[in-house]
Amino acid sequence: MRALGILARGVARVEDVLLASLGLGLLAAAAAQLVFRLFGGGPVWLDPLMRSATLWLALIGALVATRENRQLQIDILSRHLTGWLGHVARTVVVLFTAAVCALLAHASWTLVLLEREGNTEIFAGVPNWWALAILPVVFGLMCLHALGQIGRPLQHEPLPGTVLP
Amino acid sequence: KIATLAPEGSNWMREMRAAGDAVKTSTEGRVELKFFPGGVMGNSDTVLRKIKLGQLNGGAFASTELTTANQDVAVYGLPFTFANLEEVRRVRQVLDPKIKAGFEHSGFVAAAITGGGFIYMMSSKPIATQEQVRATKVWVPEGDVVGRIAFEELGAPSVQLALGDVYTSLQTGLVETVGNTTTGAIAFQWATKLKMMVDLPVSYTVGILVLDQKSLAKLTPEDQAAVLAGIEEAFARLEISNAADDLATRETLRNEGIEIVVPAESEAAAWRDVGRRTVERMQKEGLISAEILAALNQAKSAAGSH
Amino acid sequence: MIWLIALGLLLLAFLGAPFFALIAAIALLGFNAQGYDLAIVAVEINRLGEMPVLVAIPLFTLAGYLLSESEAPKRLVRLTQALVGWLPGGLAIVALVASALFTALTGASGVTIVALGAVLFPALIQGRYSERFGLGLVTASGSLGLLFAPSLPLIIYGVVAQQLNTTPQVSVEDLFLAGIIPGLLMLLVLSVYAITQSPHIPPEQRRFDWRAARAAILDARWELPLPVLVLGGIYSGRIAPSEAAALTAVYVFLVTVVIRREIALKRLPQIVREAMMLVGGILLILGTAFALTNYLIDAEIPTQLFAWVQAHVHQKWLFLLALNLFLLFFGMLLEGYPAIVVLTPLVLPIATGYGMDPVHFGILFLANLQIGLFLAPLGMNLFIASYRFKRPVTEVIRASWPFFLLLFACALAITYIPWLSLVLLDR
Ligand code: NA
Ligand code: NA
């Protein structure tokens, strides 16, 4: 049980670091792109790389948001449900979210297999399915993160758009 | 279910819908073609995935979008290879069947190929000589390997952008030299931003409608034949109207104040040289097969002897 | 069966199921009913990595978060105060203009209330405006600015509308142009109202103070070029949205982190992580919405819906009125982004069927949605203001209803007068 906890914290740490690095990396790529656009030249893979980074950012950002229970949602009713009723409601929502994530993970795994067969490239030498592989990984983890919410105390988390330290 | 990037209301859609009606009549309603125009099903990669997954049964593509399914489709896009439409017509009589056959192992059936016309270089800057082209920012369609190699051979680094981003980029000066058919330059409203066109065909563009082999195999042989015939007839009509449009649109371009310059023979020879080097490199990098190149050269010399 | 599923999903929504899961569930059920491989949903989500304009979203959001974490909001208020604070109602106009600029840049109306409201609300009270007026203003201020470039909701609407193959095509650049006059109209109407509500200013304070203005301009010298660069670039057509985003993000990073050093390097990863969580939340919803839209198109539901509406609603004005109320209601119920991605594929084909221009529709759509954000009793911004300023929601509602009515009048004008949106376009 303790090993599982350590593993979970490790995964969370990796997600956080990856998310911040991808964000800063995209910023650096944007800066490089501006320089190239002003002075001409630049590698052909920069634009496709930035687009793939956007997909990765979106998915990992959503993954972290799921872990912290901060996805966009309506919470007018759940806010007023307390006691065992709130607990039941929370469990139902969590199971539903986990089921959807599991289906999405399976669906994207099928896509990755299909893409490996097709053998197309994003840019020189990088096969397309590498970029796609993020999909099943993220949805699989998202399913686990959703299930991790079971039994946690029901707390009202502010929406990410409104969060400031 | 067939997807295409061609917008509703275009020649393409009109003829394809006509094909749909013809097929419905000739199969007594057993087969209906349903079209999804304007890219609602996503870009070409997405459409190809959806065909494999069974949501769609086919798609109409520009030849450059099908290189993953059949490498040989790149042959008409080889730069500075064709001198005039007559030459293209004779070469296509030989090569079109070979290209269709090349789809055999890809899971697709190429129902019909239609000519979209010549692509010309156009620019918001003077581009009468290679030297002048080198001094501009050149656009190459995203994923267009041929174009990238060609401009590398010229010594002009290119900017890769999706077709839809070109108009804004011409406006902002991000790109200055672009390639398109005369019809395309007007349809995408680029003409208002351009000043000069070089009257030397860069490459030839074709549209190909491919169907999913498995879906087609589910029909009776008679219905299959009816579907293929309906699409083929529509594409033959398209070919004629595209050629007529191309002539008419030159006049429109002139009226937009675009100067159409005929390059000096020395310049044209230099461009053909760029074309030759591009083809050599593509062959060396395994981007085009020796067989189709041999067939192309044979067909070209046969066309020349006429 | 369909009704049972719909009821189940509605219940899950109210119990707090995430929007992305709800939208994905509908798409999965739909494709399953059509007998397709569910991998199509993954194909659609993957399109998030294929659209150049979407790269703008993380970049703009990052810029917005960095700005709101720096002292920029204070400087912005000080500057506008020095420039128009001496007018009757000037302070309130400052608050409105600053909020609009801030929301346009950050795209998240909640952030405006939280980050700028903290500066504006006390300033208004100090300027002897009534507490009720001040509270109403900061609540409503979260709904201004969404129509100005480079607001994210405009970009998202553009992206979704492009999936629907309208004639004429919708471009993000056109939307940016179309939003200018409607956005200014909303600002103007609230400014006039602010003047009527302003406290009496002694004549000696009604002077433009050159020295204060100069000092404020000097103080904001690094931030000032930003709106000029970005808005000037976009509106003049010199730079594309994705380039504007790169420029904004890099510029803001240089100013806040390197030049002013108001954000310590140590805090940077945490801020980036917060910003990217919001981006992930929005983009995953957009990705699942691609799948939903694709299912709707495949099953020809918009066409059927249009036929049904056309059979029941014969007059265009009646349709428009129904549209107003419908959008207000959903703007209140759903937060902005889910409302945009779910409603656009359903309602836009109907609107174009009634002969509306898709760009005009986009502007009226967002105008209605944005004021729905503080429509009683469930609008999101009411709760954010209540939480931020520690006032009961009922008090926030009482304070903000005059603002709501005025903006509703603007939304009606924007709906019924297409000219306001389309005059700046070459149509
Ligand atoms: Na919400
Ligand atoms: Na605002």
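How many aromatic pairs does the rule give over all chains? The count comes to 21 aromatic pairs over all chains, where rings of Phe, Tyr and Trp (its six-membered ring) pair if their centres lie within 6.5 Å, and planes under 30 degrees apart count as stacked, over 60 as edge-to-face and the rest as tilted. This is a predicted model, in which local features need pLDDT of at least 70 and side-chain atom pairs count only at pLDDT 80 or more, while totals for chains, interfaces and linings use all residues. Residues are numbered from 1 along each chain as its sequence is written, chains are lettered from A and ligands numbered from 1 in the order in which they are written, and side-chain values use heavy atoms, with hydrogens and water left out.

**Aromatic pairs and cluster**

- C:F31 and C:Y36 form a tilted pair, 6.1 Å centre to centre with 45° between the planes.
- C:F31 is buried at a relative accessible area of 0%, and C:Y36 counts as buried at 13% (buried means under 20% relative accessible area, exposed over 50%, partly exposed in between, with a 1.4 Å probe and protein chains only).
- C:F121 and C:F389 also form a tilted pair, with 5.0 Å centre to centre and 55° between the planes.
- Because C:F121 lies in helix α7 (residues 109-126) of chain C and C:F389 in helix α20 (residues 380-389) of chain C, this pair ties together parts that are 268 residues apart in sequence; helices (H or I, at least four residues) and strands (E, at least two) are DSSP runs, numbered from the N terminus.
- Both C:F121 and C:F389 are buried.
- In chain B, one aromatic cluster is formed by B:Y76, B:F82, B:F118, B:Y120 and B:Y204.

**Nonpolar cores**

- The largest nonpolar core has 267 residues, and B:F103 and C:F319 have the most contacts inside it; such a core is a set of buried Ala, Val, Leu, Ile, Met, Phe, Trp, Tyr and Cys residues joined through side-chain atoms within 4.5 Å.
- Helix α15 (residues 268-298) of chain C gives the largest share of this core, 20 residues.
- The core lies between domain 1 (1-36) and domain 2 (37-422) of chain C, because both give residues to it; the domain bounds come from an automatic or database domain assignment.
- Beyond its neighbours within four places in sequence, C:F319 is in contact (heavy atoms within 4.5 Å) with C:V309, C:V313, C:I350, C:A351, C:Y354 and C:M356.
- Another core, of 18 residues, lies apart from the largest one and includes B:M13, B:L33, B:A60 and B:L216.

**Strand β4 of chain B**

- Strand β4 (residues 108-123) of chain B is mostly covered, with 15 of its 16 residues buried.
- β4(B) runs antiparallel to strand β9 (residues 203-212) of chain B, to which 10 bridges join it; two strands pair if DSSP finds at least two bridges between them.
- Within β9(B), B:T205 stands opposite B:G117.
- Four bridges pair β4(B) with strand β7 (residues 177-180) of chain B in the antiparallel sense, and B:M122 has B:V178 in β7(B) as its bridge partner.
- Two bridges pair β4(B) with strand β8 (residues 196-198) of chain B, again in the antiparallel sense, and B:S123 has B:M196 in β8(B) as its bridge partner.

**The loop residue B:N70**

- B:N70 lies in the loop between β3 (58-62) and α3 (85-101) of chain B, and is buried, with a relative accessible area of 5%.
- A polar atom of the B:N70 side chain lies 3.0 Å from the backbone oxygen of B:I99.
- Leaving aside neighbours within four places in sequence, B:N70 is in contact with B:I99, B:G102 and B:F103.

Methods. Polar contact = N/O pair within 3.5 Å; in protein donor to acceptor, adjacent residues only side chain to side chain.
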